Amino acid sequence: MLQRHIRARARTRAGAVGAALAATAALLVAGLSGSASAGTTPGGASGGAPPAADALRTDAAPPALLKSMERDLGLDRQQAERRLANEAEAGATAGRLRAALGSDFAGAWVAGAESGTLRVATTDARDVPVIEARGAEATVVRHSLTELDAAKARLDRAAAGRDTTDAPVRYVDIRTNQVVVQAARPSAARALLSAAGIGTSLARVEKSAEQPRPFHDLRGGEAYYINDSGRCSIGFPVTKGAQTGYATAGHCGRTGNSTSGHNRVAQGTFQGSTFPGRDMAWVATNSNWTATPYVKGAGGQNVQVTGSTQAPVGSSVCRSGSTTGWHCGVIQQLNTSVTYPEGTVSGVTRTSVCAEPGDSGGSYISGSQAQGVTSGGSGDCSSGGTTYFQPINPLLQNYGLTLKTAGGNEEPPGEEPGGTWAIGSVYQAGDTVTYGGATYRCLQGHQARTGWEPPNVPALWQRV
């Protein structure tokens with residue numbers, strides 16, 4: 001009986017893999033993957049600009065952003081341009097593979113100076129042909145991403161009732177297929193893992209002297225002052241109905257605190273603030289301030305924001321702040337928990353970008369896609385450091401905000417074809433919507449905007 005069940009499961013699995021391969025082949029033939037260079041992009045065929053790069057406007061990256069990527073990542077101009085295009089395509093490919101692999105999926109990341117390699121992890125070796133058919137490299141691992149995220153959640157629950165200042169950083173490392181606890185005292189990390197019931201096969205301890213802290217002390221990255229004293233940085237201009245304002249870090253101010261701009265002119269009031277737990281807030285500004293779809297880049301140049309599609313692990317990311325200006329690095333881990341002196345913040349993204357006091361709340365952007373607002377970190381921009389940002393999409397969703405973007409009208413189009421998809425809604429990978437009588441699955445987290453209707457952006461939506 002058991003043998004018959006196993007054979008039946010294998011036949012079912014083989015059929016599913018075959019269907020996925022057929023769907024993958026159809027996508028490739030339909031031209032939904034492409035190349036940013038003479039070679040091949042992650043998951044793409046050669047020839048033409050990748051549709052994901054086109055849809056996500058990697059061509060909107062200004063010279064100042066590319067120049068900073070060259071400086072901080074050791075690239076030349078063409079490499080920087082190819083890297084942004086490859087990362088856009090990799091995100092779309094990873095989203096399709098996540099949907100195809102289901103519970104086997106164990107994470108995806110980009111590698112190489114130009115992010116020319118997409119690696120996708122799975123718990124089942126039979127998924128390898130599906131992954132390779134999309135042009136990605138396959139890695140077979142022991143634990144699924146669902147299992148790792150569940151272990152991280154247990155770890156966070158165990159940490160909630162403990163002093164974790166000696167084990168301040170916890171994250172899922174998809175590259176090594178483990179949950180990582182960074183600690184000044186490894187014994188503190190081991191005690192935390194024991195309290196969470198997590199064994200050594202699922203987690204590892206890294207000794208680290210890192211002691212993260214919030215960076216205390218309308219264009220993204222510009223300074224603002226709280227109650228005429230402390231200084232932080234604007235994240236991204238937003239709207240809420242007819243009200244304009246900006247997203248920033250929760251530790252910068254509490255609900256009701258007043259703000260003044262970089263020029264010390266009266267500006268607005270904190271409408272909502274969460275810290276610790278999360279590190280998110282938004283400020284409503286008065287009529288003297290106008291929201292723009294820009295972040296302050298190197299030399300004060302405008303960096304255009306065209307959306308909020310989440311970049312994969314390994315992607316390049318740049319930060320704007322009122323203390324240290326414009327710096328770039330890479331996304332190291334998603335879904336990180338970090339303990340500051342004030343308490344623990346979860347769901348932040350860990351990066352190699354430097355920052356200093358006063359940069360808090362400032363913008364993180366990949367190409368032209370908003371990523372999040374500066375939370376805290378360690379080190380500085382002289383010796384280097386590690387920083388964490390609060391992802392922008394959960395912030396927008398939490399407060400019902402709409403990101404101010406360029407190249408599109410935030411107002412709904414004149415004629416709606418019907419369905420559950422809606423402009424301004426925040427969608428996560430795996431969400432399903434209806435539009436024009438068809439059903440679509442979200443491939444990459446983003447906030448919906450005009451021009452990004454599901455049939456128009458295969459980088460973000462897959463018809464099911």
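## Strands and their pairing

Two strands count as paired if DSSP finds at least two bridges between them. In this predicted model, strand β26 (residues 438-442) is joined to strand β28 (residues 461-463) by three bridges, and the two run antiparallel. Within this pairing, R441 has Q462 of β28 as its bridge partner.

Strand β26 is also joined to strand β25 (residues 432-435), here by four bridges and again in an antiparallel arrangement, with T434 standing opposite T439 in β26. β25 and β26 form a hairpin with two residues between them, and in the turn G436 has a positive phi of about 60°.

## The chain as a whole

The secondary structure of the protein chain comprises eight helices and 28 strands. The chain has 464 residues, of which 55% count as buried, and it exposes about 17,700 Å², with carbon and sulfur atoms supplying 49% of that area.

## Confidence along the chain

The mean pLDDT of the protein chain is 88, and 87% of its residues reach 70 or more. Over residues 1-41, however, the pLDDT is below 50, although this stretch has 66 contacts in the model beyond near neighbours in sequence. The pLDDT is also below 50 over residues 43-49, a stretch with 23 contacts beyond near neighbours in sequence.

## Helix α3 and its packing

In helix α3, which covers residues 63-73, the residues A64, L65, L66, S68 and M69 are buried. An α-helix has 3.6 residues a turn, so residues three or four places apart point the same way. The buried residues of α3 pack against another helix, α4 (77-101), and against the strands β16, β17, β18 (325-340) and β20 (363-366). After α3 comes G74, whose phi is positive, near 70°.

## A buried threonine in a loop

T306 is found in the loop between β16 (302-304) and β17 (316-321), and both of these strands are among the elements against which the buried residues of α3 pack. Is T306 buried or exposed? Because its relative accessibility is 0%, and buried means under 20%, T306 counts as buried.

The side chain of T306 is joined to the side chain of S368 by a polar contact of 2.7 Å. Leaving aside its neighbours within four places in sequence, T306 is in contact with L56, R57, A60, S368, Q369, T405, A406, R449 and W452.

Definitions and conventions
Residues are numbered from 1 along each chain as its sequence is written. This is a predicted model: local features need pLDDT of at least 70, side-chain atom pairs count only at pLDDT 80 or more; totals for chains, interfaces and linings use all residues. Side-chain values use heavy atoms; hydrogens and water are left out. Buried means under 20% relative accessible area, exposed over 50%, partly exposed in between (1.4 Å probe, protein chains only). Accessible areas come from the Shrake-Rupley method with a 1.4 Å probe; for residues, only the protein chains shown count as cover. A polar contact is a pair of N or O atoms within 3.5 Å; within protein, one must be able to donate a hydrogen and the other to accept it, and residues adjacent in sequence count only if both atoms are side-chain atoms. Contact means heavy atoms within 4.5 Å. pLDDT is the predictor's confidence in each residue, from 0 to 100.
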